[in-house]
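Visitor: I'm new to reading protein structures. Could you walk me through this one, feature by feature?

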Amino acid sequence: MSSSKNGVHVLIFPFPAQGHILPLLDFTHQLLLHGFKITILVTPKNLPILDPLLSTHPSVQTLVFPFPGHPSLPAGVENVKDVGNSGNAPIIAGLSKLRGPILEWFKAQSNPPVAIVYDFFLGWTQDLAQELGVPGIVFYTSGGLLVSILSEIWRNLGAYRDLSLIEFNGLPKSPRFVREHMPSVFQKYKEGDPTWEIVRNGFIANDKSFGSVFNTFEALESEYLGFLKKEMGHERVYSIGPINLVGGPGRNGKSNVDVGVNERIFTWLDECDDGSVLYVAFGSQKLLTKAQMESLTIGLEKSGVRFILVAKQLTAQQLEEGYGSVPEGFEDRVSGRGLVIKGWAPQVEILGHRAIGGFLSHCGWNSVLEAIVAGVQILGWPMEADQFINAWLLVENMKTSVRVFEGADSVPDPIELGRRISDAMGNDLFKERAKKLRDEALEAVKIGGSSKRDLDEIVRELAQLKC
């Protein structure tokens, strides 16, 4: 296994969204274990997210630039969690204004970085890397299928712009989607708008990167990783996931959970039968409307299954805007059979408990990988962003999951939702397939596994770089 004996210097540039930063920090942890000198670029309000990594690796340097802002963002916003999915484009455009300060910083260094590893939302960094004469390496916090689709769309925008049903016949398995199920960046794109042109040009620039690192693994996406190698014209397409299995101190959370709540969760789970509990959570960004929350809770009640429901703590303003909290009386009615957690939940630990047999999820990529690692089937309710594509991969392609509902704003029929939940939780075939996929994920990160080989290879490539 190669490592950087001389502390080869690499700049890491994460995108400020929880699901983006954590996987890239896990990868950064791996580089640090192999002797690289690391500088991480963040804006001030995102600095605390680095604390677990910095306490484990005091050698890490931070490069902190003030967030340049954007006209459509409220003052003080620096992370997607504060504005939701609609904040992606303005945050991308805002960060692109750092190009000049980064160039100046590079030129002032006696030992400047010899490569930039950047999040795939920050594709404008690729042109910056070219100007500096260093390799730009794009880190994809998503799967190969999504990137294959995005690459195809942005390069041939005219062919797809006005279609209501979009078929990707040039891709393995010819996936097809109605327009509303396409990635949000494609649906919201406004031609000629300066913010959106930065987004689009960034995605196109990613295809010119020196190499691509994916948080996925061969057994899950070998066809799409192979497709991307052909499209990019080289073999430097690395799948090193699930990165949460390789692990690292980039993940924080235990500190902000009430110990008593934690104990109550696991004491309750310990009393449940193996595979009998459904875990219900919709990621760090998505809030359900009042009608959706009512339908979901009735559906859970009618399903007859045991469950843990994670419900976000809502502000007075969010309640006023029509978002829903758990209806009054619900917890009493399901007492003993259901557990409601208000606020943050230790998702990875819950999914890993023997009692969990299903995960009702929005199908965000990190949640997908956490379910796979736990060997738990997903009951999909995709809503936006990449979620419909991830659901297609699991439901239609891998056949390890079921879709129980879909749509960001639509409201499920609670009786039908309850029936689908009950059917899925009683389906041993999907549970078995989920366990098989878990075993393949575990194999991938072991010595000799596909992800371990690719991680070794990217370490080798980076270690060879010289100032």
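Guide: Happy to. Let's begin with a cysteine: at 2% relative accessibility, Cys363 counts as buried. Keep in mind that this is a predicted model.

Visitor: Why does Cys272 count as buried?

Guide: Buried means under 20% relative accessible area. Cys272 has 3% relative accessibility, so it counts as buried.

Visitor: And how many disulfides does a search of the whole structure find?

Guide: The search comes back with 0 disulfides.

Visitor: Okay, let's zoom out. Which domains does the assignment give?

Guide: Domain 1 covers 9-239 and domain 2 covers 259-442, according to the domain assignment. Taken over C-alpha atoms, their centres are 28 Å apart.

Visitor: How do I read the interface between two domains?

Guide: The size of an interface is often given as the accessible area lost when the parts come together. Here, domain 1 and domain 2 bury about 2,000 Å² between them, and carbon and sulfur atoms give 67% of that area. Looking at the side of domain 1, His181, Phe217 and Leu220 supply 30% of the area it buries against domain 2, more than any other three residues. In terms of contacts, 28 residues of domain 1 touch 19 residues of domain 2.

Visitor: How many salt bridges and polar contacts are there between domain 1 and domain 2?

Guide: The salt bridge count is 0, while 4 residue pairs are in polar contact across the interface. As for the elements, α1 (18-33), α6 (144-155) and α10 (218-232) each give two or more residues to the side of domain 1 that touches domain 2. The largest share, 5 residues, comes from α10.

Visitor: Now a helix, please. How do I read one?

Guide: An α-helix has 3.6 residues a turn, so residues three or four places apart point the same way. Take helix α5, residues 124-132: Trp124, Thr125, Gln126, Leu128 and Ala129 are buried there.

Visitor: What do the buried residues of α5 pack against?

Guide: Their partners include the strands β1 (9-13), β4 (115-119) and β5 (136-140), along with the helices α3 (88-96), α4 (99-107) and α9 (194-206). Just after α5 comes Gly133, with a positive phi of about 75°.

Conventions. Residues numbered from 1 in each chain as written. Predicted model: local features only at pLDDT ≥ 70, side-chain atom pairs only at ≥ 80, totals over all residues. Heavy atoms only, no water. Disulfide = S-S within 2.5 Å. Buried < 20%, exposed > 50% of the residue type's maximum accessible area, 1.4 Å probe, protein only. Domains from an automatic or database assignment. Contact = heavy atoms within 4.5 Å. Buried area = accessible area lost by both parts, 1.4 Å probe. Salt bridge = Lys/Arg side-chain N within 4 Å of Asp/Glu carboxyl O. Polar contact = N/O pair within 3.5 Å; in protein donor to acceptor, adjacent residues only side chain to side chain. Helix = DSSP H or I, 4+ residues; strand = E, 2+ residues; numbered from the N terminus.
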